Amino acid sequence: SDLLEYFNYYTNTKRFLDVFGSEQMLLMPYEDIKDDPEGVYVRVCRFIGVDDTHRPAKLHERVNPSRVVRSRFVRDVRSVLTATLAATHVTRQIRRGLMRSGVGRPLLNLIRLNEKPGHYEPMSPEMRKQLTERFRVESEKLAELMGRDLSHWNREPGVTADPRPRR
């Protein structure tokens, strides 16, 4: 249930807007990045007030592909180590020392050997339907807040147009 709270996009976005105001936040759905990375890049640059004429070499390249773990045990050990080294001021100092000494980077590379390129299985139509219903009101309120059409978020898989009859 805690994870589901994360996906209350309207509620969570509204909290930030109440504190920072819309002039300090640029809201856009992930689909914008997928559909028009260059347009998003220009929007972000202009929003934060930097030159938008430079184009990064990897602008149209996927740089963070999906990865899956080879061993859950190694993943869990890594998680415990990471949490332990971030837990207190002393352990954070130890972590910084390891990184500065040159020991940390090879250790991270060794741990990353536990990952391999992969993909997640597609969500089942039943689960997608349940989640769509669970978050329908949230996504409708978010669409209104953003002044954007997000109706595709509430469509069932395979439905390409609004299934409601027109009057």
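1. Leu4 lies in helix α1 (helices are DSSP runs of H or I with at least four residues, strands runs of E with at least two, numbered from the N terminus). Leu4 counts as partly exposed because its relative accessibility is 34% (buried is under 20% relative accessible area, exposed over 50%, partly exposed in between, with a 1.4 Å probe and protein chains only).

2. This is a predicted model, in which local features need pLDDT of at least 70 and side-chain atom pairs pLDDT 80 or more, while totals for chains, interfaces and linings use all residues. Residues are numbered from 1 along each chain as its sequence is written, and side-chain values use heavy atoms, without hydrogens and water.

3. Leu4 also belongs to a nonpolar surface patch of about 500 Å², together with Leu3, Tyr6, Phe7 and Tyr9 (patch residues have over 30% relative accessible area and no salt bridge, and nonpolar side chains are joined within 5 Å, like charges within 9 Å; a salt bridge is a side-chain nitrogen of Lys or Arg within 4 Å of a carboxyl oxygen of Asp or Glu; areas are Shrake-Rupley with a 1.4 Å probe). Helix α1, residues 2–6, gives the most to this patch, with 3 residues.

4. Asn114 sits in the loop between α7 (104–112) and β2 (115–117). Asn114 is buried, at 9% relative accessible area. Its side chain reaches the backbone nitrogen of Ser71 at 2.9 Å. Not counting residues up to four places away in sequence, Asn114 touches Val68, Val69, Arg70, Ser71, Val74 and Arg75 (contact: heavy atoms within 4.5 Å).

Key:
A polar contact is a pair of N or O atoms within 3.5 Å; within protein, one must be able to donate a hydrogen and the other to accept it, and residues adjacent in sequence count only if both atoms are side-chain atoms.
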